[in-house]
Amino acid sequence: MSEDVKKTVFVKLGGSAITHKGKESQANLPVIDLSSSQISELYNDFSLILAHGGGGFAHPVAERHNVSKGIEKCKALGLANTRMAIQGLNSIVLTSLLSKEVPALTISPSTCSEMENGRFTDFNLSPIHHAQKLGAVPLLHGDVVYDSVKGCSVASTEMIFSYLSTRIKPERIVIGANVDGVFWDNPDNGKRELVEEINSRNLEDVLSAVEEPKTSDVTGGMRHKIEELYNISKHKIEIFIVNLSKKNYLRGAILGKPEVGTRIKAGE
Ligand SMILES: Nc1ncnc2c1ncn2[C@@H]1O[C@H](COP(=O)(O)OP(=O)(O)OP(=O)(O)O)[C@@H](O)[C@H]1O
Ligand SMILES: C=C(C)CCOP(=O)(O)O
C-alpha cells in the first residue's frame with residue numbers, strides 16, 4: 001500500500017493490560033507479545049502511532065514522589081525515578097515489538113514537548129514524522145514533561161493523543177486495556193453490562209458508573225480516559241476501547257471492526 005493512502009491509527013497499549021497494575025514493575029509479557037503480534041500483521045497497511053501507559057511501573061513511583069504536584073514537591077530525583085520506571089516498561093514493550101519485526105522507535109514526549117499547568121502547549125512532531133519517513137513505527141508513552149508553571153507534569157497517553165489528534169488527525173484511536181470496554185451495572189438484572197457506545201445521551205450516566213482506581217493511578221484512571229477520549233471524538237475521530245488480553249480484539253479495532261469493545265462517539 002502506498003504511503004499516501006495509509007490511514008493513521010493511534011494505538012495505546014494500556015498499563016492495565018501490559019502490566020500487573022496491582023504489583024510494582026511486573027510486566028504482563030503474554031499480553032505484550034499478543035499485542036505485538038497483531039501490530040506486526042498490520043503495521044505495513046496503516047500509519048500506526050503506538051503508545052503505552054505507565055501501569056504498575058510508572059504510576060506507583062510517580063505517586064510516591066508526588067510528581068503530579070510539580071517539581072517543588074517531587075524534586076529532580078522524583079522526576080528522574082519516574083522517567084526511569086516508564087523507560088523500563090518501554091524497553092520491555094520495544095523488545096517484544098522488535099522480536100516480531102515491528103521497527104518501533106521510541107519517542108519520549110518529555111524530550112520534545114512542553115506543558116503549562118498540566119496541558120500541552122507544544123509538541124515537536126518532527127521526530128514522529130522522521131520516524132515514519134524512515135519506515136519506522138513511532139512508539140510514544142505516558143511521561144513526565146517540563147511544565148512552565150509547575151516545573152513538571154505527568155502527561156497521560158490520552159492527553160498526548162488529544163494534543164496530537166488535532167495536528168495529525170488519525171482515522172481512529174484504539175485504547176487497549178484489561179477490560180472488554182466500559183461497563184455499567186444494570187439495576188434491572190444486577191449484572192455488569194458493556195456500554196457499546198458512549199455518546200452525548202449517556203456520557204454522564206456512564207461517568208457515574210466508573211469506579212475510582214483501586215491501584216496507584218496518578219492520571220485519573222477510567223474517568224480521565226473517557227473524558228479525554230470523548231473530547232477527542234468531537235473532532236469526528238473514531239475511538240474504541242478494547243481488551244488487549246483477548247486474541248485478535250486489537251486487530252479488529254485497528255481495522256475499524258472490533259469484535260467486542262466500547263465505541264466513543266460525541267455528537268449523538
Ligand atoms: N465502569 C468501568 N468499566 C470498565 N472498567 C472500569 C470501570 N470503572 C473502573 N474501571 C477500571 O478501569 C481500569 C482501566 O483503566 P486504567 O486507567 O487502569 O487503564 P490503562 O489506561 O490501561 O492504564 P495506564 O494508565 O496504566 O496505562 C480497569 O482495569 C477497571 O478496573
Ligand atoms: C505515570 C506516568 C509517568 C505516565 C502515565 O501515563 P498513562 O498511564 O497513560 O496515564
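## A report on the fold and the ligand shells

Among the contacts in the protein chain between residues at least 6 apart in sequence, 73% join residues at least 24 apart, where two residues are in contact if their C-beta atoms, placed from the backbone, lie within 7 Å. This is a predicted model, in which local features need pLDDT of at least 70 and side-chain atom pairs count only at pLDDT 80 or more, while totals for chains, interfaces and linings use all residues. Residues are numbered from 1 along each chain as its sequence is written, and chains are lettered from A and ligands numbered from 1 in the order in which they are written.

### The chain as a whole

The protein chain holds nine helices and 14 strands; helices (H or I, at least four residues) and strands (E, at least two) are DSSP runs, numbered from the N terminus. The C-alpha atoms of the protein chain fill a box of roughly 50 × 45 × 35 Å, taken along the principal axes. Because a compact globule of 268 residues would have a radius of gyration near 18 Å, the 18 Å of the protein chain agrees with that expectation; the radius is taken over C-alpha atoms, and the globule rule is 2.2 Å times the number of residues to the power 0.38.

Of the 268 residues of the protein chain, 46% count as buried. A residue is buried if 20 or more other C-beta atoms lie within 10 Å of its own, exposed if 12 or fewer, and partly exposed in between, with C-beta atoms placed from the backbone.

In soluble globular proteins, nonpolar side chains tend to be buried together. In this model, the largest nonpolar core has 72 residues, and those with the most contacts inside it are L48, L50, L139 and V174. Helix α4 (residues 71–99) gives the most to this core, with eight residues. Such a core is a set of buried Ala, Val, Leu, Ile, Met, Phe, Trp, Tyr and Cys residues joined through C-beta atoms within 7 Å. Leaving aside its neighbours within four places in sequence, V174 is in contact with V9, V11, F240, V242, L250, A253 and I254.

| Helix | Number of residues | First to last C-alpha | Expected span |
|---|---|---|---|
| α2 (29–42) | 14 residues | 20 Å | 20 Å |
| α8 (221–233) | 13 residues | 18 Å | 18 Å |

In α2, the buried residues are V31, I32, L34, S35, S36, Q38 and I39, and they pack against β1 (7–13), α1 (15–18), β2 (46–52), α4, β9 (172–177) and α9 (249–254). L29 also has its place in helix α2, but L29 is partly exposed because 13 other C-beta atoms lie within 10 Å. Although L29 and T19 are ten residues apart along the chain, their C-alpha atoms are separated by 7.9 Å.

In α8, M222, K225, I226, E228, L229, I232 and S233 are buried. The partners of these buried residues include α6 (157–168), β9 and β13 (238–243).

### The surroundings of the ligands

A residue is near a molecule if its C-beta atom, placed from the backbone, lies within 6 Å of it. Ligand 1 is surrounded by 22 residues, of which the closest are G14, G15, S16, G53 and M222, and α1, α3 and α8 each supply at least two residues of this shell. By class, the shell around ligand 1 divides into eight nonpolar, ten polar and four charged residues; here Ala, Val, Leu, Ile, Met, Phe, Trp, Tyr, Cys and Pro count as nonpolar, Asp, Glu, Lys and Arg as charged, and the others, Gly among them, as polar.

Around ligand 2 there are 16 residues, and G53, G54, G142, S156 and T157 come nearest. The elements that give two or more residues to the shell around ligand 2 are α3 (55–64), α4 and β7 (143–147), and the largest share, three residues, comes from α3. The shell around ligand 2 has six nonpolar, nine polar and one charged residues.

### Some single residues

N66, in the loop between α3 and α4, has a positive phi of about 55° although it is not a glycine. E101, in the loop between α4 and β3 (104–106), likewise has a positive phi, near 65°, and E101 counts as exposed because it has 9 C-beta neighbours inside 10 Å.

Definitions and conventions
The expected span of a helix is 1.5 Å times one less than its number of residues.
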